Amino acid sequence: MLADIVEHLLCPVCGHDVRLDAGALRCGNGHAYDVAKQGYVSLLVGSRPPGTADSAEMVAARADFLSAGHYRPLADALAECVQLRITGAERGEGDAFRGDRFSAPPDAAAEEAYGSGSVGSERGAGSAWRQAGHATEPLIVDAGAGTGYYLATVLGAVDRGIGMAFDVSKHAVRRAARAHPRIGAFVADVWRPLPIRGGVADVVIDVFAPRNGPEFRRVLRPGGAVMVVTPAADHLSPLVEELGLLSVDEEKDRRLARSLEGFVAAGRRTVEFDLELAPGEVAGVVRMGPSAWHTDAVELAERISRYISRDIVKKREKVWARAAFHLSIFETEPGSRDVP
Ligand SMILES: [Zn+2]
(Lines give C-alpha, C1' and ligand atoms only; values in the text may rest on other atoms or scores of the structure.)
Protein backbone atom coordinates (compact mmCIF):
# COMPACT_ATOMS: atom_id res chain seq x y z
CA MET A 1 0.00 0.00 0.00
CA LEU A 2 1.42 3.36 -1.01
CA ALA A 3 2.14 5.81 1.81
CA ASP A 4 0.62 8.55 -0.38
CA ILE A 5 -2.68 6.70 -0.24
CA VAL A 6 -2.66 5.84 3.47
CA GLU A 7 -2.27 9.51 4.41
CA HIS A 8 -5.62 10.30 2.75
CA LEU A 9 -7.52 7.61 4.67
CA LEU A 10 -9.61 7.99 7.81
CA CYS A 11 -10.86 5.32 10.19
CA PRO A 12 -14.38 4.45 9.00
CA VAL A 13 -15.55 3.98 12.60
CA CYS A 14 -14.18 7.03 14.42
CA GLY A 15 -12.85 9.28 11.65
CA HIS A 16 -9.31 9.47 13.04
CA ASP A 17 -6.10 9.21 11.03
CA VAL A 18 -4.88 5.72 10.22
CA ARG A 19 -1.36 4.42 9.76
CA LEU A 20 -0.03 1.26 8.22
CA ASP A 21 1.48 -0.93 10.91
CA ALA A 22 2.18 -4.67 10.98
CA GLY A 23 -0.03 -5.57 8.04
CA ALA A 24 -3.02 -3.49 9.07
CA LEU A 25 -4.36 0.03 8.94
CA ARG A 26 -4.76 1.22 12.54
CA CYS A 27 -6.22 4.33 14.10
CA GLY A 28 -5.33 5.83 17.48
CA ASN A 29 -8.51 4.44 19.00
CA GLY A 30 -7.52 0.85 18.44
CA HIS A 31 -9.60 0.09 15.33
CA ALA A 32 -7.68 -2.11 12.90
CA TYR A 33 -8.28 -3.19 9.29
CA ASP A 34 -6.12 -5.96 7.93
CA VAL A 35 -4.43 -5.63 4.57
CA ALA A 36 -5.58 -8.78 2.77
CA LYS A 37 -2.92 -10.87 1.07
CA GLN A 38 -4.29 -9.68 -2.26
CA GLY A 39 -3.40 -6.12 -1.24
CA TYR A 40 -6.81 -4.62 -0.53
CA VAL A 41 -8.35 -3.50 2.75
CA SER A 42 -11.95 -3.86 3.86
CA LEU A 43 -13.15 -0.61 5.41
CA LEU A 44 -16.76 -1.77 5.37
CA VAL A 45 -18.65 -0.91 8.54
CA GLY A 46 -22.22 -1.54 9.55
CA SER A 47 -24.62 -3.72 7.67
CA ARG A 48 -25.81 -3.38 4.13
CA PRO A 49 -28.73 -4.93 2.30
CA PRO A 50 -27.91 -8.47 1.17
CA GLY A 51 -27.30 -9.02 -2.51
CA THR A 52 -26.03 -5.53 -3.26
CA ALA A 53 -22.45 -6.57 -3.85
CA ASP A 54 -21.43 -8.33 -7.05
CA SER A 55 -20.68 -12.03 -6.64
CA ALA A 56 -17.38 -13.63 -7.65
CA GLU A 57 -19.06 -15.02 -10.76
CA MET A 58 -20.48 -11.65 -11.83
CA VAL A 59 -17.14 -9.96 -11.27
CA ALA A 60 -15.28 -12.62 -13.25
CA ALA A 61 -17.70 -12.26 -16.17
CA ARG A 62 -17.25 -8.49 -16.16
CA ALA A 63 -13.47 -8.76 -15.95
CA ASP A 64 -13.44 -11.10 -18.96
CA PHE A 65 -15.65 -8.74 -20.95
CA LEU A 66 -13.53 -5.69 -20.14
CA SER A 67 -10.22 -7.43 -20.72
CA ALA A 68 -11.46 -8.39 -24.20
CA GLY A 69 -11.29 -4.64 -24.88
CA HIS A 70 -14.95 -4.07 -25.76
CA TYR A 71 -15.21 -0.89 -23.67
CA ARG A 72 -11.67 0.32 -24.28
CA PRO A 73 -12.81 3.42 -26.25
CA LEU A 74 -14.87 4.45 -23.23
CA ALA A 75 -11.96 3.96 -20.84
CA ASP A 76 -9.67 5.93 -23.17
CA ALA A 77 -12.17 8.81 -23.45
CA LEU A 78 -12.48 8.97 -19.68
CA ALA A 79 -8.70 8.86 -19.29
CA GLU A 80 -8.31 11.70 -21.78
CA CYS A 81 -10.81 13.86 -19.88
CA VAL A 82 -9.07 13.23 -16.57
CA GLN A 83 -5.68 13.94 -18.10
CA LEU A 84 -6.90 17.26 -19.49
CA ARG A 85 -8.30 18.11 -16.09
CA ILE A 86 -5.06 17.34 -14.28
CA THR A 87 -2.93 19.11 -16.89
CA GLY A 88 -5.24 22.15 -16.84
CA ALA A 89 -5.10 22.40 -13.05
CA GLU A 90 -1.33 22.19 -13.21
CA ARG A 91 -1.24 25.16 -15.54
CA GLY A 92 -3.74 27.03 -13.41
CA GLU A 93 -6.38 26.84 -16.11
CA GLY A 94 -9.52 26.31 -14.14
CA ASP A 95 -11.66 25.64 -17.14
CA ALA A 96 -9.09 24.02 -19.35
CA PHE A 97 -11.51 21.43 -20.58
CA ARG A 98 -14.41 23.70 -21.22
CA GLY A 99 -13.27 23.79 -24.82
CA ASP A 100 -15.79 23.25 -27.61
CA ARG A 101 -15.05 19.61 -27.60
CA PHE A 102 -16.48 18.99 -24.16
CA SER A 103 -19.23 21.56 -23.99
CA ALA A 104 -20.90 20.70 -27.27
CA PRO A 105 -24.68 20.67 -27.03
CA PRO A 106 -26.32 17.23 -27.22
CA ASP A 107 -27.29 17.73 -30.89
CA ALA A 108 -23.68 18.04 -31.90
CA ALA A 109 -22.67 15.13 -29.77
CA ALA A 110 -22.93 12.54 -32.52
CA GLU A 111 -20.37 14.42 -34.59
CA GLU A 112 -17.82 14.41 -31.86
CA ALA A 113 -18.29 10.76 -31.08
CA TYR A 114 -15.14 9.13 -29.99
CA GLY A 115 -12.59 8.55 -32.71
CA SER A 116 -9.17 7.05 -32.38
CA GLY A 117 -7.49 9.93 -30.61
CA SER A 118 -4.47 9.03 -28.58
CA VAL A 119 -3.60 10.16 -25.14
CA GLY A 120 -0.13 11.54 -24.79
CA SER A 121 2.03 10.99 -21.77
CA GLU A 122 3.95 13.55 -19.81
CA ARG A 123 6.89 11.98 -18.12
CA GLY A 124 8.34 13.88 -15.24
CA ALA A 125 5.34 16.16 -15.04
CA GLY A 126 4.85 15.36 -11.36
CA SER A 127 7.39 17.99 -10.39
CA ALA A 128 5.55 20.60 -12.49
CA TRP A 129 2.39 19.60 -10.64
CA ARG A 130 4.16 20.20 -7.34
CA GLN A 131 5.61 23.52 -8.51
CA ALA A 132 2.11 24.64 -9.34
CA GLY A 133 1.36 24.57 -5.62
CA HIS A 134 0.08 21.03 -5.19
CA ALA A 135 1.81 19.41 -2.25
CA THR A 136 0.85 15.89 -3.15
CA GLU A 137 0.33 13.78 -6.22
CA PRO A 138 -3.00 14.19 -7.99
CA LEU A 139 -5.60 11.90 -6.42
CA ILE A 140 -8.31 10.23 -8.46
CA VAL A 141 -11.09 8.51 -6.54
CA ASP A 142 -13.22 5.88 -8.24
CA ALA A 143 -16.52 5.45 -6.40
CA GLY A 144 -17.86 2.04 -7.40
CA ALA A 145 -14.64 1.01 -9.12
CA GLY A 146 -15.57 -2.60 -9.89
CA THR A 147 -12.48 -4.42 -11.11
CA GLY A 148 -10.48 -1.19 -11.38
CA TYR A 149 -10.42 -1.31 -15.16
CA TYR A 150 -11.35 2.34 -15.74
CA LEU A 151 -9.21 3.72 -12.93
CA ALA A 152 -6.19 1.74 -14.14
CA THR A 153 -6.66 3.10 -17.66
CA VAL A 154 -6.92 6.64 -16.28
CA LEU A 155 -3.75 6.29 -14.16
CA GLY A 156 -1.90 4.87 -17.14
CA ALA A 157 -2.85 7.87 -19.27
CA VAL A 158 -2.26 10.52 -16.61
CA ASP A 159 1.13 8.89 -16.03
CA ARG A 160 1.32 10.09 -12.45
CA GLY A 161 -1.00 10.50 -9.54
CA ILE A 162 -2.59 7.91 -7.36
CA GLY A 163 -5.96 6.24 -7.44
CA MET A 164 -8.31 5.04 -4.74
CA ALA A 165 -10.79 2.36 -5.75
CA PHE A 166 -13.91 1.80 -3.63
CA ASP A 167 -16.42 -0.94 -4.22
CA VAL A 168 -18.79 -2.87 -2.01
CA SER A 169 -17.81 -6.19 -3.61
CA LYS A 170 -14.65 -7.73 -2.18
CA HIS A 171 -14.40 -9.86 -5.32
CA ALA A 172 -14.20 -6.71 -7.43
CA VAL A 173 -11.84 -4.94 -5.03
CA ARG A 174 -9.45 -7.92 -5.05
CA ARG A 175 -9.04 -7.37 -8.77
CA ALA A 176 -8.87 -3.59 -8.46
CA ALA A 177 -5.93 -3.95 -6.06
CA ARG A 178 -3.97 -5.65 -8.83
CA ALA A 179 -5.21 -3.48 -11.69
CA HIS A 180 -2.48 -0.83 -11.40
CA PRO A 181 0.52 -0.29 -9.10
CA ARG A 182 -0.70 3.17 -8.09
CA ILE A 183 -4.17 2.00 -6.96
CA GLY A 184 -5.18 1.52 -3.35
CA ALA A 185 -8.31 -0.65 -3.26
CA PHE A 186 -10.88 -0.70 -0.47
CA VAL A 187 -14.12 -2.49 0.24
CA ALA A 188 -16.57 0.24 1.21
CA ASP A 189 -20.18 1.15 0.65
CA VAL A 190 -20.16 4.34 -1.43
CA TRP A 191 -23.62 5.24 -0.12
CA ARG A 192 -22.01 5.77 3.27
CA PRO A 193 -19.38 8.41 4.13
CA LEU A 194 -16.18 7.59 2.25
CA PRO A 195 -13.31 6.79 4.64
CA ILE A 196 -11.08 9.57 3.28
CA ARG A 197 -10.24 13.15 4.23
CA GLY A 198 -12.20 16.09 2.91
CA GLY A 199 -10.74 18.22 0.13
CA VAL A 200 -8.11 15.76 -1.09
CA ALA A 201 -9.38 14.44 -4.43
CA ASP A 202 -8.76 16.13 -7.76
CA VAL A 203 -11.22 14.02 -9.69
CA VAL A 204 -13.94 11.56 -8.69
CA ILE A 205 -14.87 9.14 -11.44
CA ASP A 206 -18.20 7.34 -11.40
CA VAL A 207 -18.80 4.74 -14.07
CA PHE A 208 -22.32 3.21 -13.88
CA ALA A 209 -22.05 3.49 -10.11
CA PRO A 210 -24.08 5.05 -7.30
CA ARG A 211 -23.62 8.81 -7.02
CA ASN A 212 -23.18 10.06 -3.48
CA GLY A 213 -23.22 13.79 -4.33
CA PRO A 214 -22.64 15.19 -0.81
CA GLU A 215 -19.68 12.88 -0.26
CA PHE A 216 -18.21 13.68 -3.68
CA ARG A 217 -18.36 17.37 -2.76
CA ARG A 218 -16.73 16.77 0.59
CA VAL A 219 -13.77 14.75 -0.71
CA LEU A 220 -12.98 16.98 -3.70
CA ARG A 221 -10.49 19.81 -3.56
CA PRO A 222 -11.75 23.27 -4.49
CA GLY A 223 -11.94 23.23 -8.27
CA GLY A 224 -12.23 19.46 -8.36
CA ALA A 225 -14.51 17.60 -10.73
CA VAL A 226 -16.75 14.57 -10.92
CA MET A 227 -16.79 12.63 -14.17
CA VAL A 228 -19.87 10.48 -14.55
CA VAL A 229 -20.41 7.84 -17.22
CA THR A 230 -24.02 6.90 -17.92
CA PRO A 231 -25.55 4.92 -20.78
CA ALA A 232 -27.06 7.03 -23.58
CA ALA A 233 -30.60 6.43 -24.85
CA ASP A 234 -29.50 4.22 -27.74
CA HIS A 235 -26.95 2.21 -25.78
CA LEU A 236 -26.87 -1.39 -27.01
CA SER A 237 -29.22 -0.70 -29.85
CA PRO A 238 -30.61 -2.75 -31.54
CA LEU A 239 -29.86 -5.49 -29.03
CA VAL A 240 -32.10 -4.13 -26.27
CA GLU A 241 -35.01 -3.84 -28.71
CA GLU A 242 -34.42 -7.37 -30.03
CA LEU A 243 -34.45 -8.69 -26.49
CA GLY A 244 -37.58 -6.70 -25.60
CA LEU A 245 -35.80 -4.78 -22.85
CA LEU A 246 -36.78 -1.35 -21.64
CA SER A 247 -34.86 1.56 -23.05
CA VAL A 248 -33.00 3.93 -20.79
CA ASP A 249 -35.50 6.16 -19.06
CA GLU A 250 -35.82 9.74 -20.24
CA GLU A 251 -35.70 11.13 -16.73
CA LYS A 252 -32.13 10.04 -16.28
CA ASP A 253 -30.59 13.42 -17.12
CA ARG A 254 -32.73 15.05 -14.47
CA ARG A 255 -31.84 12.36 -11.97
CA LEU A 256 -28.16 12.80 -12.80
CA ALA A 257 -28.32 16.54 -12.11
CA ARG A 258 -30.35 15.98 -8.94
CA SER A 259 -27.89 13.45 -7.58
CA LEU A 260 -25.10 16.01 -7.98
CA GLU A 261 -26.87 19.02 -6.54
CA GLY A 262 -24.42 21.80 -5.74
CA PHE A 263 -22.18 20.92 -8.67
CA VAL A 264 -22.06 22.87 -11.92
CA ALA A 265 -22.49 20.97 -15.17
CA ALA A 266 -19.27 21.77 -17.02
CA GLY A 267 -19.51 19.70 -20.17
CA ARG A 268 -20.68 16.51 -21.71
CA ARG A 269 -19.13 14.25 -24.25
CA THR A 270 -20.86 11.44 -26.08
CA VAL A 271 -18.80 8.32 -26.59
CA GLU A 272 -20.10 5.90 -29.21
CA PHE A 273 -18.63 2.88 -30.91
CA ASP A 274 -19.62 -0.47 -32.37
CA LEU A 275 -19.47 -3.67 -30.40
CA GLU A 276 -18.81 -7.01 -32.02
CA LEU A 277 -19.82 -9.64 -29.54
CA ALA A 278 -19.56 -13.38 -29.42
CA PRO A 279 -22.98 -14.87 -28.60
CA GLY A 280 -21.65 -15.84 -25.18
CA GLU A 281 -20.88 -12.20 -24.40
CA VAL A 282 -24.43 -10.93 -24.90
CA ALA A 283 -25.63 -11.76 -21.40
CA GLY A 284 -22.60 -10.08 -19.87
CA VAL A 285 -22.99 -6.82 -21.74
CA VAL A 286 -26.68 -6.62 -20.92
CA ARG A 287 -25.99 -7.26 -17.23
CA MET A 288 -23.54 -4.35 -17.26
CA GLY A 289 -26.30 -2.04 -18.49
CA PRO A 290 -29.05 -0.35 -16.50
CA SER A 291 -30.50 -2.57 -13.78
CA ALA A 292 -33.93 -2.29 -15.42
CA TRP A 293 -32.56 -4.53 -18.15
CA HIS A 294 -31.83 -7.47 -15.92
CA THR A 295 -34.29 -7.56 -13.10
CA ASP A 296 -35.42 -11.09 -13.90
CA ALA A 297 -32.27 -13.08 -14.58
CA VAL A 298 -34.05 -16.27 -15.65
CA GLU A 299 -36.32 -14.51 -18.13
CA LEU A 300 -33.38 -12.54 -19.50
CA ALA A 301 -31.32 -15.70 -19.98
CA GLU A 302 -34.21 -17.29 -21.89
CA ARG A 303 -34.63 -14.28 -24.16
CA ILE A 304 -30.93 -14.15 -24.91
CA SER A 305 -30.84 -17.86 -25.60
CA ARG A 306 -33.77 -17.52 -28.06
CA TYR A 307 -32.14 -14.52 -29.69
CA ILE A 308 -28.72 -16.00 -30.28
CA SER A 309 -30.18 -19.26 -31.55
CA ARG A 310 -32.11 -17.44 -34.28
CA ASP A 311 -30.88 -18.34 -37.75
CA ILE A 312 -29.84 -14.84 -38.64
CA VAL A 313 -27.68 -14.49 -35.55
CA LYS A 314 -26.21 -17.94 -36.02
CA LYS A 315 -25.27 -17.19 -39.61
CA ARG A 316 -23.44 -14.02 -38.68
CA GLU A 317 -21.80 -15.75 -35.73
CA LYS A 318 -21.31 -12.35 -34.16
CA VAL A 319 -23.82 -10.05 -32.53
CA TRP A 320 -23.50 -6.37 -33.35
CA ALA A 321 -24.59 -3.57 -31.10
CA ARG A 322 -23.91 0.11 -30.66
CA ALA A 323 -22.30 1.23 -27.43
CA ALA A 324 -23.34 4.78 -26.51
CA PHE A 325 -22.46 6.65 -23.35
CA HIS A 326 -22.52 10.13 -21.93
CA LEU A 327 -19.43 11.31 -20.12
CA SER A 328 -20.66 14.24 -18.01
CA ILE A 329 -18.36 16.56 -16.12
CA PHE A 330 -19.49 18.37 -12.99
CA GLU A 331 -17.36 20.91 -11.18
CA THR A 332 -17.43 22.06 -7.60
CA GLU A 333 -18.13 25.73 -7.40
CA PRO A 334 -18.64 27.09 -3.93
CA GLY A 335 -21.76 29.21 -3.64
CA SER A 336 -23.27 28.11 -6.91
CA ARG A 337 -26.36 25.94 -6.90
CA ASP A 338 -27.24 26.25 -10.57
CA VAL A 339 -27.41 22.77 -11.99
CA PRO A 340 -29.38 22.75 -15.23
ZN1 LIG B 1 -10.97 4.41 14.68
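Helix H2 (residues 56-67) and helix H7 (residues 170-179) pack with their axes 8 Å apart and at an angle of about 40°, where axes are lines fitted to C-alpha atoms, for helices over the stretch in contact, and angles run from 0 to 180 degrees between N-to-C directions. H2 is therefore oblique to H7, given that angles under 35 degrees count as roughly parallel, over 145 as roughly antiparallel, 65 to 115 as roughly perpendicular and the rest as oblique. The model is predicted: local features need pLDDT of at least 70 and side-chain atom pairs count only at pLDDT 80 or more, while totals for chains, interfaces and linings use all residues. Residues are numbered from 1 along each chain as its sequence is written.

**Contact of H2 with H7**
- Ala56, Val59 and Ala63 in H2 meet His171, Ala172 and Arg175 in H7, two residues being in contact if their C-beta atoms, placed from the backbone, lie within 7 Å.
- The residues of this contact divide into four nonpolar, one polar and one charged, where Ala, Val, Leu, Ile, Met, Phe, Trp, Tyr, Cys and Pro count as nonpolar, Asp, Glu, Lys and Arg as charged, and the others, Gly among them, as polar.

- Gly161 lies in the loop between helix H6 (149-158) and strand E6 (162-167); helices (H or I, at least four residues) and strands (E, at least two) are DSSP runs, numbered from the N terminus.
- Gly161 is buried, because 22 other C-beta atoms lie within 10 Å; a residue is buried if 20 or more other C-beta atoms lie within 10 Å of its own, exposed if 12 or fewer, and partly exposed in between, with C-beta atoms placed from the backbone.
- Leaving aside neighbours within four places in sequence, Gly161 is in contact with Ile86, Glu137, Pro138, Leu139, Ile140, Leu155 and Arg182.
- The C-alpha atoms of Gly161 and Ile86 are separated by 9.3 Å, although these residues are 75 residues apart along the chain.

**Sheet E1-E2-E3**
- Three strands form an open antiparallel sheet in the order E1-E2-E3, and strands pair if DSSP finds at least two bridges between them.
- Strand E1 (18-21) and strand E3 (32-34) stand at the edges with a single partner strand each, so one side of each is left without a neighbour in the sheet.
- Neighbouring strands of this sheet are turned by 25° against each other on average, direction ignored.
- Four bridges join E1 to the antiparallel strand E2 (residues 24-27), and Val18 stands opposite Cys27 in E2.

**Whole chain**
- The protein chain has 13 helices and 11 strands, and buried residues make up 41% of its 340 residues.
- Of the contacts in the protein chain with a separation of 6 or more, 67% are accounted for by residues 24 or more positions apart.
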